[in-house]
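Please examine the structure shown below. The questions that follow concern helices, strands and individual residues.

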There are 2 protein chains.
Amino acid sequence: MRQLRIVFEPYGRRVEVDEGESILEAAKRASIGLRSECGGMGLCGRCRVIVENPEAVTPPTDAERRLLTPEELERGVRLACQTRVLGELFVSIPPESRVEAQRIEVKGLRRVVELEPMIWKLHMKLEKPKLGDRRGDLERLLEALGGDVEVDWEAVKGLPEALRRGDWEATATLWGSTLIAVEPGDTTKTIYGLAVDIGTSKVVVQIVDLSTGEVVSTGAVENPQAIHGEDIMARMTYAMESPGNLEELQRLAAEGVNEALKEALSRVTIDGDSIYEAVVACNTAIHHLFLGLDPRRLAVSPFTPVVRRGFNAKAKDLGLNINPGARVYTPPVVAGFVGADAVADVIATGLHEAEELSLLIDVGTNTEVVLGDGEELWASSCASGPAFEGAHIKDGMRAVRGAIERIWIDEDLEVRYKTIGDVKPLGLCGSAVIDAVAEMLRRGILNPHGRITAEGRRIKPGPPAEFIIALRDETATGREITLTERDVNEIQLAKAAIYTASKILMKRMGVEPSDIRLLYIAGAFGSYLNPENAKEIGMIPDVPSDRIRVVGNTAVEGARLMLLSKRLRDEAERVAEEMKYVELSNDPDFLTLYPRALYLGRFT
Amino acid sequence: MRQLRIVFEPYGRRVEVDEGESILEAAKRASIGLRSECGGMGLCGRCRVIVENPEAVTPPTDAERRLLTPEELERGVRLACQTRVLGELFVSIPPESRVEAQRIEVKGLRRVVELEPMIWKLHMKLEKPKLGDRRGDLERLLEALGGDVEVDWEAVKGLPEALRRGDWEATATLWGSTLIAVEPGDTTKTIYGLAVDIGTSKVVVQIVDLSTGEVVSTGAVENPQAIHGEDIMARMTYAMESPGNLEELQRLAAEGVNEALKEALSRVTIDGDSIYEAVVACNTAIHHLFLGLDPRRLAVSPFTPVVRRGFNAKAKDLGLNINPGARVYTPPVVAGFVGADAVADVIATGLHEAEELSLLIDVGTNTEVVLGDGEELWASSCASGPAFEGAHIKDGMRAVRGAIERIWIDEDLEVRYKTIGDVKPLGLCGSAVIDAVAEMLRRGILNPHGRITAEGRRIKPGPPAEFIIALRDETATGREITLTERDVNEIQLAKAAIYTASKILMKRMGVEPSDIRLLYIAGAFGSYLNPENAKEIGMIPDVPSDRIRVVGNTAVEGARLMLLSKRLRDEAERVAEEMKYVELSNDPDFLTLYPRALYLGRFT
């Protein structure tokens with residue numbers, strides 16, 4: 001095959017191409033951010049380039065003659081998607097064709113992302129129909145749009161009304177090269193997407209402005225699937241019992257997204273119809289349930305998912321209350337127990353491009369752990385239970401107003417605490433439970449086995465023994481708030497699972513905790529966590545505090561980034577393919593490491 | 001643009017191409033029937049050609065390297081869809097790559113059609129999943145399928161079950177390059193489509209074997225939309241009253257197709273899931289109602305349809321009970337009153353390619369009239385009412401067992417008749433009504449104004465006067481069967497509309513009835529019609545009988561042909577664009593010609 005060379009100016013970047021390849025493909029290969037809203041269909045006319053030596057390319061196509069003036073063609077202006085390389089070539093990229101790199105801020109991180117969403121809009125002024133003009137409404141619109149697009153039935157249904165209400169000014173919304181909606185007037189500024197994280201316990205959504213990349217509103221609700229089991233195995237078992245059950249869990253997942261969306265919409269003056277795409281990150285089991293796919297083979301060898309790669313479905317088919325023509329993208333999953341959420345975590349943090357050894361722990365009811373050094377990328381997940389969300393803890397509660405979020409224990413074993421909203425306390429949220437365990441350990445109230453060994457006015461002998469955090473007269477309920485030995489045991493089980501997952505990944509890569517240069521603590525709960533105390537109890541490796549980044553919900557942030565960038569979806573595909581994984585329960589080291597990890601104390 | 005020449009052997013056909021065009025595109029332009037089931041996606045590997053001078057084409061692509069052996073590539077075998085022309089070229093088409101032209105029989109006609117349906121199947125044997133193989137079910141299938149296909153959510157839902165039930169042998173069904181279904185085992189022989197004619201009064205379906213082109217079963221029911229009006233204007237008015245009404249009419253149209261399909265399925269051992277595409281011909285108003293599109297602008301100037309060109313929707317979205325991934329194609333419409341049914345009529349008869357002046361009259365509650373001579377093509381339609389279906393006629397009935405279908409009146413005014421099933425008569429079907437009017441005219445019982453002027457034992461003086469066709473003791477009901485002057489008037493109104501439509505088209509083309517060389521009488525009712533009697537009453541032009549072809553339901557036959565051939569869909573698109581049309585009620589000649597056409601008698 002004949003290889004040719006293109007030089008891209010003003011970058012001076014050279015790239016080898018096959019004869020007959022398009023300039024757009026070549027630019028993509030050279031990682032040059034060339035705008036192309038229609039994805040190379042010759043529709044949007046954004047990928048203008050200037051060809052310095054026209055004899056080295058194919059002649060202008062119909063699309064180019066439609067979108068470029070004769071003067072422009074004369075000057076060598078061409079559409080990169082339409083122009084194929086026939087010889088050694090010099091191409092200039094004018095400023096207006098360059099994709100703008102946007103700094104997308106993820107809490108504690110900044111990833112530079114080129115804004116290239118799948119969704120784009122085109123505002124058009126159409127001729128009014130008159131007698132003798134045989135075009136239908138759709139033909140009129142498509143002619144103005146130019147080129148060959150797929151047309152959704154949903155886009156056509158509202159078409160006559162939309163065109164006439166806008167007095168023949170209208171805005172077409174396209175997903176790649178598919179027409180999915182038509183609205184009256186100029187609505188090009190109203191273009192939103194939905195980033196979604198369906199966690200085992202919680203559904204979080206962000207409404208994202210696709211023209212700026214910014215989050216304009218958020219919402220969160222409990223995952224309604226929980227009525228069929230707190231943990232994911234229970235839900236899978238329920239889904240396997242009958243196709244009706246699977247459908248119900250699908251519907252419940254969609255309902256969760258719809259409820260969270262309703263909350264997010266209530267805070268802004270945006271209509272759900274202005275949301276044209278959703279990107280949904282979740283673990284593999286929830287991914288299957290959300291897509292209505294039978295999850296039964298995820299749980300048994302050889303652990304085969306139905307769909308591994310990124311998948312596009314229609315929002316309507318899945319029951320999401322956004323634009324009737326909207327699409328839903330689910331990023332690729334890695335394996336039965338390493339899901340699209342782990343991939344989203346990586347995309348949000350850029351862990352696959354890490355320049356030094358980095359560990360990510362996305363704490364939740366299921367915890368994802370990813371370890372990478374830019375060369376290798378390893379992942380695992382573990383069931384860490386809902387203790388960090390305040391469940392299964394005697395006086396546990398969610399991190400809402402009235403929850404104790406921070407705890408300090410003085411040398412005399414007296415307790416100071418801070419509640420959310422600075423009101424009288426109602427209970428303990430996850431971060432306070434970890435604080436309590438860590439401080440009790442420091443003060444010798446707890447031994448490394450999780451037994452309360454001290455005595456004093458704050459200690460109620462058991463079994464189970466209890467440590468009083470808030471006295472009866474301090475609380476909003478008039479009942480004391482305590483931490484029991486049983487609560488401590490819950491935390492031990494959860495933190496041991498997380499630590500074991502991290503440890504086994506480190507073992508696979510042949511590294512030690514002390515080698516870790518960056519430790520990301522992710523997850524909604526993670527935001528409240530005091531990392532020093534998480535180290536104190538042996539939940540995370542004992543690395544210096546300046547190496548720790550608390551980064552919030554990276555799953556939903558990764559979903560947002562993929563909503564904004566087609567390129568990041570390709571990147572996610574590569575991440576999912578290259579990521580190595582460990583199935584914890586099957587790992588020979590698990591049985592040795594897990595019991596040790598149950599001890600309370602720093603692990604270096 | 002550089003023009004190059006390709007010579008296709010063994011045809012010796014030369015065609016000019018633009019540099020960079022694919023051999024497949026060039027072959028299409030040269031009207032060479034080259035197989036291409038995937039539509040040029042490099043998936044099916046059917047478009048093999050032999051390039052005699054390899055230096056004049058682009059090098060082999062990945063798809064070619066996957067689908068061709070190194071030996072074949074060495075010999076110059078290439079895939080036409082993948083190979084682009086760079087210089088003067090000689091290409092041989094081997095026999096296995098040629099599309100077979102099938103003789104598709106339409107009653108009274110034979111069109112030669114190349115079998116090229118949109119739907120195709122591929123049988124595959126897959127590797128079983130094993131530990132360490134990270135592919136999901138979908139990835140496994142797509143790799144075996146090769147190339148980049150779109151994947152329907154519906155196809156994925158049943159995937160795990162299908163692959164395992166067939167022990168990793170499976171058949172993929174594709175609509176063009178979209179995966180729409182996966183079935184266990186080898187089901188390549190089970191591949192059906194549905195040809196549909198939704199008439200104003202009747203819904204007719206044919207189950208068509210897409211591998212042979214043959215009709216394997218048929219079904220017909222009354223159009224359930226009729227509960228909201230016998231004529232199409234009443235239904236449009238109902239639809240305009242509220243979006244709910246429009247939805248209801250959409251649902252009723254789908255219900256009609258489903259009922260007719262159920263009847264057709266009851267006669268064969270075929271499952272509805274084996275039907276992967278439907279092609280639906282109907283007039284423009286029903287086209288809009290069936291697609292759920294607002295029809296209000298069809299009826300008012302400038303008579304703009306929502307969609308004019310051929311349109312693809314999902315069977316599931318429209319509520320058709322065929323394969324969940326199936327598609328529905330509606331052929332293009334011409335104008336508000338000349339629909340996809342007229343286009344289907346033309347496709348079935350090949351009227352657009354007529355070598356001599358040809359007139360087609362598709363008789364129904366709405367009657368389509370098309371006139372063409374191979375140069376010009378003119379169409380119109382008229383509301384001819386349900387009289388020919390036996391409605392609005394005192395003793396009228398459908399053409400079912402017990403209906404009188406033929407009538408002769410002797411010189412002594414005595415009557416002979418034939419009933420369907422040769423049983424005692426129940427009533428008169430449409431053809432008998434026309435026979436009766438014609439014979440009464442011949443025998444001087446009726447005058448040209450439609451008045452009964454004779455006397456005798458068969459005549460009951462009115463008003464309205466009646467002619468007794470079957471005496472009380474001859475009938476199954478014990479009541480006499482008569483034709484009233486009012487019945488005759490109904491027939492006059494209907495036949496005058498049809499004749500006026502024909503006449504105005506002739507006037508537009510500047511021809512006379514005597515110039516007509518071929519007269520097609522189409523429509524389910526047309527099959528029973530005695531053309532001599534239709535001429536006698538002035539319903540059709542008085543042309544010699546050897547020029548008349550009674551061709552049955554050409555709308556459903558045209559739908560069948562488009563189901564079988566992508567190329568005919570393109571042809572339909574051209575027909576719809578080029579067809580001229582006359583809106584009868586707006587035509588200045590109508591008011592002169594219609595009253596004259598009310599007379600009973602031969603029109604030459």
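Q: Across which strands of chain B does helix α12 of chain B lie, and at about what angle does α12 run to β21(B)?
A: This is a predicted model, in which local features need pLDDT of at least 70, side-chain atom pairs count only at pLDDT 80 or more, and totals for chains, interfaces and linings use all residues. Residues are numbered from 1 along each chain as its sequence is written, chains are lettered from A and ligands numbered from 1 in the order in which they are written, and side-chain values use heavy atoms, with hydrogens and water left out. Helices (H or I, at least four residues) and strands (E, at least two) are DSSP runs numbered from the N terminus, while axes are lines fitted to C-alpha atoms, for helices over the stretch in contact, with angles from 0 to 180 degrees between N-to-C directions. Helix α12, residues 430-442 of chain B, lies across β21 and β23 of chain B, and its angle to β21(B) is about 15 degrees.

Q: In the open sheet of three strands in chain B, what is the strand order?
A: Two strands pair if DSSP finds at least two bridges between them. Strand β21 (residues 403-409) of chain B is joined to β22(B) by five bridges, and the two run antiparallel. The sheet has mixed pairing, and its order is β22-β21-β23. The strands β22 (415-419) and β23 (427-428) of chain B each pair on one side only, so the edge strands by this definition of pairing are β22 and β23 of chain B.

Q: Which residue is the bridge partner of Val279(B) in β17(B)?
A: Strand β15 (residues 275-282) of chain B runs parallel to β17(B), with three bridges joining them. Strand β16 (residues 311-314) of chain B pairs with β17(B) in the antiparallel sense over four bridges, and there Phe311(B) stands opposite Thr330(B). For Val279(B), the bridge partner in β17(B) is Tyr329(B).

Q: Is Ser380(B) buried or exposed?
A: Ser380(B) belongs to strand β20 (residues 377-383) of chain B. Its side chain reaches the backbone oxygen of Val582(B) at 2.8 Å. Buried means under 20% relative accessible area, exposed over 50%, and partly exposed in between (1.4 Å probe, protein chains only). Because its relative accessibility is 1%, Ser380(B) counts as buried.

Q: How many of the nine residues of helix α4 of chain B are buried?
A: Helix α4 spans residues 137-145 of chain B and is mostly covered. Among its buried residues are Asp137(B), Leu138(B) and Leu145(B). Just after α4(B), Gly146(B) takes a positive phi of about 75 degrees. Of the nine residues in α4(B), the number buried is seven.

Q: Which residue has its backbone oxygen 3.1 Å from a polar atom of the side chain of Gln225(B)?
A: Gln225(B) lies in the loop between β14 (215-222) and α7 (232-241) of chain B, and its relative accessibility of 0% is why Gln225(B) counts as buried. Leaving aside neighbours within four places in sequence, its contacts (heavy atoms within 4.5 Å) include Arg235(B), Leu249(B) and Ile286(B). The backbone oxygen at 3.1 Å is that of Leu249(B).

Notes:
A polar contact is a pair of N or O atoms within 3.5 Å; within protein, one must be able to donate a hydrogen and the other to accept it, and residues adjacent in sequence count only if both atoms are side-chain atoms.
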